[in-house]
Protein chains: 4
Amino acid sequence: MLKLGIIGATGYVGAEIVRLLALRDDIKITTVVSNSFVGQPFSAVYPSLRGIYDNICDKLDIDEISEKADFFITALPHGVSTSVIPRLLEKGKRVIDHSGDFRFRDVNVYEKWYKVTHNAPHLISNAVYGLPELYRNEIKTAFLVADPGCYPTCSILAIAPALENRIVSHKDIVITAVSGVSGAGRKSELAYAFCETDENFKAYGIANHRHTPEIEQELSLLCGKPVMVSFTPHLAPFKRGMLATSYMNLDSDNLSPADIHSLYVDYYRNEPFVRILPLGQLPETKHVAGSNYVDIAITVDSRLNKLIVVSVLDNLGKGSASQAVQALNIMAGLDETKGLLSPGLYL
Amino acid sequence: MLKLGIIGATGYVGAEIVRLLALRDDIKITTVVSNSFVGQPFSAVYPSLRGIYDNICDKLDIDEISEKADFFITALPHGVSTSVIPRLLEKGKRVIDHSGDFRFRDVNVYEKWYKVTHNAPHLISNAVYGLPELYRNEIKTAFLVADPGCYPTCSILAIAPALENRIVSHKDIVITAVSGVSGAGRKSELAYAFCETDENFKAYGIANHRHTPEIEQELSLLCGKPVMVSFTPHLAPFKRGMLATSYMNLDSDNLSPADIHSLYVDYYRNEPFVRILPLGQLPETKHVAGSNYVDIAITVDSRLNKLIVVSVLDNLGKGSASQAVQALNIMAGLDETKGLLSPGLYL
Amino acid sequence: MLKLGIIGATGYVGAEIVRLLALRDDIKITTVVSNSFVGQPFSAVYPSLRGIYDNICDKLDIDEISEKADFFITALPHGVSTSVIPRLLEKGKRVIDHSGDFRFRDVNVYEKWYKVTHNAPHLISNAVYGLPELYRNEIKTAFLVADPGCYPTCSILAIAPALENRIVSHKDIVITAVSGVSGAGRKSELAYAFCETDENFKAYGIANHRHTPEIEQELSLLCGKPVMVSFTPHLAPFKRGMLATSYMNLDSDNLSPADIHSLYVDYYRNEPFVRILPLGQLPETKHVAGSNYVDIAITVDSRLNKLIVVSVLDNLGKGSASQAVQALNIMAGLDETKGLLSPGLYL
Amino acid sequence: MLKLGIIGATGYVGAEIVRLLALRDDIKITTVVSNSFVGQPFSAVYPSLRGIYDNICDKLDIDEISEKADFFITALPHGVSTSVIPRLLEKGKRVIDHSGDFRFRDVNVYEKWYKVTHNAPHLISNAVYGLPELYRNEIKTAFLVADPGCYPTCSILAIAPALENRIVSHKDIVITAVSGVSGAGRKSELAYAFCETDENFKAYGIANHRHTPEIEQELSLLCGKPVMVSFTPHLAPFKRGMLATSYMNLDSDNLSPADIHSLYVDYYRNEPFVRILPLGQLPETKHVAGSNYVDIAITVDSRLNKLIVVSVLDNLGKGSASQAVQALNIMAGLDETKGLLSPGLYL
């Protein structure tokens, strides 16, 4: 029985992980840490879990919680992770972190975009970017896995097959993406109040969103050239889900849509959670919301010789919580798909 | 040109009043008071008003703002109104208040349900309950009008014709009502965050909601007997709108649905904002959202000899802001319907 | 391995059953029947199931599908069930039906409220009302189970403990209920179009909704007296979920809220899916959406000596699909909770 | 008093025009034509208009309705407009059409993208593209005005200042846009059912949406070169509103954001309905929903030397109905802003 602790457990990502794992018979969540709700049952914060996961929230005491678990998932703000995780690693724990703190290979890129000084740069080289489709082997033995951002997961998986196979230019990639509101976390901010968000649509973080360099890092590694992308996130009035529309310039016009489709199918042939749609079909967020699946569709605009890829996932699923569970399964040597194959609710 | 000041202007009720009045040529909003946004343009808080109402928010300085306007609308929390309004009245201003502070004829009822001591009980006897359908004449000359609560407006108008005409029992009246989220005001509370409210439905304030005694007061006055009602509010995931389903026991079974329908039509024959639906039709909140109308439908359950009345309004319209404008029109001797006849958006 | 067929599988109830069962290792859905989509993969209709349940939809040919399965779940319009189910029963199949056709003990009540002639009245006496909390033993051996309506499930479970224990009057029970839009089924009707439904709230079916006599039948059986209820359904802009607010008159004022609460806790002590909330807490539909749970809270209005019970469930969960799976588990001698203990998504 | 007829009046665009004009004292809607609702009061179709506009729907009889009005607004499917409008023009009527039929200067472009043969190509040369910001003078005297598409209005106004001033390349323009669901019209299609649309997000019409050539036509005329754009529309779960994010490559890096901002402000200096936001602010659809305003914000991505423009409007406002009213005001020699200056509801 794998013993797991979750730190920052009462945010939406933490709650989703509890939901995914509460009934597992091979994993036991032995501690849920939440400074805001110390001493309260987890199910008082999330009454959907009443009778299912009623454990009491612990305070963040590394010594105490280290006694309870061997694996930890941290869902903390960036900058906080760097102060907590080193102490867990010192105690021999294996950690999956949800912040941006350990996603970057170059600490300068991190510090520039996040506008903070990194507290634990010595750990960066051993951290593994937790995207199983790209780093499965590294995840297996990692002690520190950086769960990828939701936008990067959605974008990288959409672009990787084309870019790695050099059928598109590495320049002038434009990504427009849309997130559900849960991506902002469990916050009492007016901007995310129902009356301010419902029936509304907006762009934000234009030209400066922190997921930009994360996407660029991984795309650059895939094609061996420095990639810069124009990435624009938007906020739409739904709770869960994410869609990215990625525009790439095809390098030649000799490839038919069917060729490119085959290339995508091949690229993900062995991936249990990436579904390439038949040509002519387009994905919708409701097809994946509540699940760990990513659905991807390609369209060729022959007038402009562009490849347009639409990808969808659940920002709380493959975009964070269930992707962390997938990494956990891999790290623990369990069946990677355990507990993750369920379809979304559709409605 | 009537000069109006709004105190507590940057809440949703205040903003709705500004929206309704900004383009009027007979009323000028000369001061908008908002302690949270002093010195900022009103349109920075509500960008929908950019170029339409860009006045700078004032701080609450009674002496200063009294120089600017003759009429004031206050949209302040209960308990605060009682400290601000006496000073405005002393300066000869006429005031419409949105709080519960001056809605009750019996200060004890107020203090019991609101759990505060009333600071200005001497003003109660001169305050007028601002429901034009019941108190039009009193409003004309009033210096202090208490704008009714949204639930009371919706409930009282639904029940008044039956109760005043003694066709139903004054006992065992049950009112189930539903409000849109804007009824909670412009708040950064987690309970009203998009992710907590969207796709959710709940009851609240069962057996203790403060609008209960307000409904009871007015119904008691209408029938001359002490009325107690069972009132239960609910919160639904939409921004504007309110619906009340009111259950009454018919006193006799001699009245046909058509008789009762006629009675309702007659009761509101001269009311410009109350629309009685034809028998067999039911109202929906989208028929009135964004307007000052109240739509009311009656159904007779002959199996149970019950009269069931469904009424809808916009909680920010006839439920608060536009009802205040209606009262303002009346107080100022203007055409009561001025600026208020527009239909809602439907969608 | 239990072999199951679903008839009328591409409606929302059918799709939810497929979602719940697709990954079960003890049940295999061997045929999904949908006249509208014959020959198409089920996952073409519900792309959330791509790669998870891709079986081809069959046409309704009783002989053919009878070869494929031993249990059938029918999700057909009322009046259609009566023509299909007798033929399945003749072939020795065990059936769970979602229509109203077999929920009534008195065929006259059915014919009066449904305004059709019943085609198979001889089967009524052997049909079992599929509410496990009341009829668990009967379900075990039944060949024909009538899955209860969503509103009746939500209402009956809320009222049963009080009524069966005679602490409330069997007269003057008022039930106000609200359903999410999926309760209307998968329909291309303008009334359920997004633009007509979103940001809207309405009552419907006042005094004549077909779930009324179903509630009355079961409540009458529980207390041994003829019960008539005033039942009013409403439609709110969310997809899944149902809430009922039930008003009852307490028969004495000797019972404290704690007493009544204990009585409710006791009544459902052994029920895995009914959760009685602590006094002072109220349920929300998001606490149960996507699950088989029912959450129930009681409030005593001591001013009026009324018991007010709020109950919530998922209309596609305990209100139909997952309740059918619960019945199926019972009929098949499996663990009743198998595959049903998962919490809802919360968001 | 201008007498106006609306043909195809019971769709959402028609209803919005009625809403905007019903209380005008200088315009009278003398006939509303709707084949689906002949003989029924308009307010039976849109109960929000009960008591406000109860006129009976007429059938489409050109002779009869021509007697009633001098101006007509047609809200008909493309291909139908071409058969109705010539007969109105023959009778000397002035017409504003909402379809795509008369938006194109080159009939071949129309026929290629709309896949129909144009029935009245002789009228094209006299039709005016009804975007007041570009064609105000032509609209004044036009007999046939083609009301622009919603996406083209939102995109063209966002790009025009940069392109006409040659600060961006006319190549590689990418436009990602999002519409509320009312853009699909009042339809009973499953794809737009609440349960299929709510909490969902999707792209559609990739590389083949009919608004693409309309955008290209106007942008080409603005810069004198053939412009091709990559245009991708998306559908989001809200009723009203539209946002476009337009990406352009800056032709030089000598222009500061402030320079470009000034250029935009200057370009629209005299436009009553175009609001250029201060640098650093971004528009949201709720700022314009329910109004005739367009809000536009520019951002410079200096890393990529790109200009990113976000523009918002109400697809039923400036995107169709209120823009038609603006054109009508111009055609009739009325104050162009009459009845259109009201802000949106914000919520």
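**Close-up views of sheets, helix pairs and chain interfaces**

**View 1. Residue A177(C) stands opposite P233(C) in β10(C).** The model is predicted: local features require pLDDT of at least 70 and side-chain atom pairs count only at pLDDT 80 or more, whereas totals for chains, interfaces and linings use all residues. Residues are numbered from 1 along each chain as its sequence is written, while chains are lettered from A and ligands numbered from 1 in the order in which they are written. Strands β8 (residues 173-179) and β10 (residues 229-235) of chain C pair in the parallel sense over 7 bridges. Two strands pair if DSSP finds at least two bridges between them. Helices (H or I, at least four residues) and strands (E, at least two) are DSSP runs numbered from the N terminus.

**View 2. An open sheet of chain C is formed by 7 strands with mixed pairing.** The strand order is β9-β10-β8-β11-β14-β13-β12. At the edges are β9 (202-203) and β12 (274-276) of chain C, each of which pairs on one side only. Helix α7 (residues 150-164) of chain C packs on this sheet and touches β8, β10, β11 (242-249), β12, β13 (294-301) and β14 (306-313) of chain C. The direction of α7 makes about 35° with that of β11(C). Helix α10 (residues 257-267) of chain C lies across β12, β13 and β14 of chain C and runs at about 160° to β13(C). Axes are lines fitted to C-alpha atoms, for helices over the stretch in contact, and angles run from 0 to 180 degrees between N-to-C directions. Residues are in contact if their C-beta atoms, placed from the backbone, lie within 7 Å.

**View 3. In chain B, an open sheet of 7 strands has parallel pairing.** Its order is β3-β2-β1-β4-β5-β7-β6. Strands β3 (57-58) and β6 (128-129) of chain B stand at the edges with a single partner strand each, so one side of each is left without a neighbour in the sheet. Strand β1 (residues 2-7) of chain B pairs with β2 (residues 27-33) of chain B in the parallel sense over 6 bridges. Within these strands, I6(B) stands opposite V32(B) in β2(B).

**View 4. Helices α7 (residues 150-164) and α9 (residues 211-223) of chain A pack with their axes 10 Å apart.** The angle between them is about 25°, which makes α7(A) roughly parallel to α9(A). Angles under 35 degrees count as roughly parallel, over 145 as roughly antiparallel, 65 to 115 as roughly perpendicular and the rest as oblique. The crossing of α7(A) and α9(A) is right-handed, the near helix being turned clockwise from the far one by less than a right angle. From α7(A), the contact draws on Y151(A), P152(A), S155(A), I156(A), I159(A), A160(A), L163(A) and E164(A). From α9(A), it draws on H211(A), E214(A), I215(A), E218(A), L219(A), L222(A) and C223(A). The contact comprises 10 nonpolar, 2 polar and 3 charged residues. Ala, Val, Leu, Ile, Met, Phe, Trp, Tyr, Cys and Pro count as nonpolar, Asp, Glu, Lys and Arg as charged, and the others, Gly among them, as polar.

**View 5. Helices α1 (residues 12-21) and α11 (residues 321-331) of chain A cross at roughly 55°.** Their axes come within 8 Å, and the angle makes α1(A) oblique to α11(A). This crossing is right-handed. Residues V13(A), E16(A), I17(A), L20(A) and L21(A) of α1(A) meet A321(A), S322(A), A324(A) and V325(A) of α11(A). The class totals for the contact are 7 nonpolar, 1 polar and 1 charged.

**View 6. At one interface, 36 residues of chain A are in contact with 36 residues of chain D.** On the side of chain A, the elements giving two or more residues are β8 (173-179), β9 (202-203), β10 (229-235), β11 (242-249), β13 (294-301) and β14 (306-313). This side has 19 nonpolar, 8 polar and 9 charged residues. Copies are superposed by least squares on the C-alpha atoms of residues with pLDDT of at least 70 in both. Because 100% of the interface residues of chain A are also interface residues in chain D, the copies meet through the same surface.

**View 7. At another interface, 14 residues of chain C are in contact with 14 residues of chain D.** The side of chain C that touches chain D has 6 nonpolar, 3 polar and 5 charged residues. Chain C can be laid on chain D by a turn of 180° and a shift of 0.0 Å along the axis, with an RMSD of 0.0 Å. The same surface serves both copies, as 100% of the contact residues of chain C recur in chain D.

Methods: Contact = placed C-beta atoms within 7 Å.
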